[in-house]
Amino acid sequence: MSVLELEGVSRQFGGLRAVDGVTLSIGSGITALIGPNGAGKTTLFNLMSGLLPVSSGRIRFRGQDITKLPAHRRAKLGMARTLQIKQVFAGLTVLENTWIAARQRHRPLDPFRPAANDRATRAAAEAALETMGLEAMAGRQAGSLAYGDIALLEIAMALATQPALLLLDEPVCGMSPSETERTVARIRTLSATTDVVIVEHDMDVVFGLADRVVVLAEGRVLADGPPAVIAREPAVREAYLGEDEEAA
Amino acid sequence: MSALSVNRALTLLLLIALVAAPPLLGWMEVDFWLVVLTEILIWGLLASSANLLFGQVGLLSFGQALYFGFGMYGVAIGIDRFGLGLWPAMGLGIAASLGMAAVAGLVAVRLTWHYFAIITVVFSLIFYFLALRLKPITGGDDGLSFAAPPILDWGSLRLTLGDDATQYWFVLLIVVLAFALQARLRASALGRAFAAVREGERKASLLGIDVLRVRWIAFVIAGGLAGLAGALFALFGRYASATHMYYTVSGEAVVWTVLGGAGTLLGPAIGAALLILVREELSTVWEHYPLIVGALTIAVVVFAPKGIAGGWNLMLARVLGR
């Protein structure tokens, strides 16, 4: 069963069609979204999560049409997302960060009851930190964490909302090899309970994790299939080789 | 001992000193300070409304005087035109400021930073000039003066604002309640949603927080607090005038907040107290005393960017060894 369905989704920036008629049905497990720089991966994420409105096309999430819904409504329906440029609530503690995420399912704007008395939310917030291995840092100010830990905290916050679909935008970008390895293992574990879409440039991570790889180029779906098939696809190699030639 | 318990103990001491101020100042034979202290409490409350927006939600408002003015006129009109008692007139003032903030907020919260600051000034200027023009209602340039009804009138028990000490305790009670309400708010889920919006609105929306709604709620609460301050100020002066709706009054609230410590509970009141004391002490001696206020503010912004209360908390954390 597919959680997220895109039907002819496009996004225009002036004369540029950053995303051009993408039709995709995202099912279970881990789907990786790859493609050369400027292929429209992050724009597509922005369209899925509601940070940007579509120029045309329709998006359905768990059977509901969400094309016109703003980001916070999609989040409430069970879609979580991390950002390419990692963002957490820097001035708050690590635990407060996941607490706020976890509380959004239950009377999030209650002005009276002290937050400290809400044990259920605290337990959920701590569980999310544990999943990402951050429990030892619960009391620290989020802004004081190392970059890799901030990236993990961002995923923990997304998890604390108990999402049905998790969109991860370059989750291991800027991490050391050992951090990357641990993060990949954690993503694999959480994919047992949550469907994941991941945008990633590290091909070892992509081919190590993904059940399915979708290749984007110039805003269109170039190829779509299991990693083993995609790796042999001539069009894919060409798209990436093209990028390499330009870079050289 | 934790920083929290030190600050709690100090707040309790401050509260005791404030309650005991009338006999204490009388004993020291400096009764006139009681009236200054009453004024400080009221301005401290106004500053806290600017702080709720700036320090907690990250919206810099230069328009809190507008809601202060609605509270002020609400009381004056309620008493002078409708013949209301003190409490219903205060209710009218607060309702008027809440209503105005609810409407202005619908537009203002869609903007941030300087755009937000500008729209708040624009709203407040519109109503400032309207208040000057609508002479039959507001008294125009002359303002509206009235005789204050009693606070309480139960047969033999009659409390009035005519007695300076009674007036001070009346203002103190309401200001303390308003700060207690804010303390409660900060510790609630809504308080944390405010912080989330301040720290990163895009992240907040991706977690399911309706950013515009949260900002609007803060805007309305801040408007109500400013309105409460305005209502108290009208009762304190038995007078309402458009001068106190001018944007310079809003600006003072922001300066007090920044100086005292944006984002802290008591910082804005501390800033207001300090600058009003400077004014009281120096304005008679030297007419250019605002220069000192300016220099003081710049010094604090440079050396203690989190204001006096923020600097204090930092020092406390260091002394207590963390």
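Reader: How do α3(A) and α5(A) lie to each other, roughly parallel or roughly antiparallel?
Author: α3(A) and α5(A) are roughly parallel to each other, a label for angles under 35 degrees, with over 145 roughly antiparallel, 65 to 115 roughly perpendicular and the rest oblique. This is a predicted model, in which local features need pLDDT of at least 70, side-chain atom pairs count only at pLDDT 80 or more, and totals for chains, interfaces and linings use all residues. Residues are numbered from 1 along each chain as its sequence is written, while chains are lettered from A and ligands numbered from 1 in the order in which they are written.

Reader: At what angle do the axes of α3(A) and α5(A) cross?
Author: Roughly 30 degrees, and the axes come within 7 Å (lines fitted to C-alpha atoms over the stretch in contact, with angles from 0 to 180 degrees between N-to-C directions).

Reader: What about α2(B) and α7(B): how do their axes cross?
Author: The axes of α2(B) and α7(B), residues 164–186, come within 9 Å and cross at roughly 20 degrees, so these helices too count as roughly parallel. Their crossing is left-handed. Among the residues of α2(B) that meet α7(B) are Leu41(B) and Leu45(B), and the α7(B) side includes Val171(B) and Phe179(B). By class, this contact has 14 nonpolar, five polar and one charged residues.

Reader: Switching to the interface, how many residues of each chain are in contact?
Author: 31 residues of chain A contact 22 of chain B. On chain A, α2 (71–76) and α3 (94–103) each supply at least two residues, and α3(A) gives the largest share, five.

Reader: Where do Glu170(A) and Glu29(B) sit?
Author: Glu170(A) is in the loop between β7 (165–169) and α6 (177–190) of chain A. Glu29(B) is in the loop between α1 (3–27) and α2 (32–57) of chain B. Phi is positive in each: near 45 degrees for Glu170(A) and about 60 degrees for Glu29(B).

Reader: Is Glu170(A) buried or exposed?
Author: Glu170(A) counts as buried because it has 21 C-beta neighbours inside 10 Å (20 or more is buried, 12 or fewer exposed, in between partly exposed). Glu29(B), with 7, counts as exposed.

Terms used:
Helix = DSSP H or I, 4+ residues; strand = E, 2+ residues; numbered from the N terminus. Contact = placed C-beta atoms within 7 Å. Left-handed = near helix turned anticlockwise from the far one by under 90°. Nonpolar A, V, L, I, M, F, W, Y, C, P; charged D, E, K, R; others polar.
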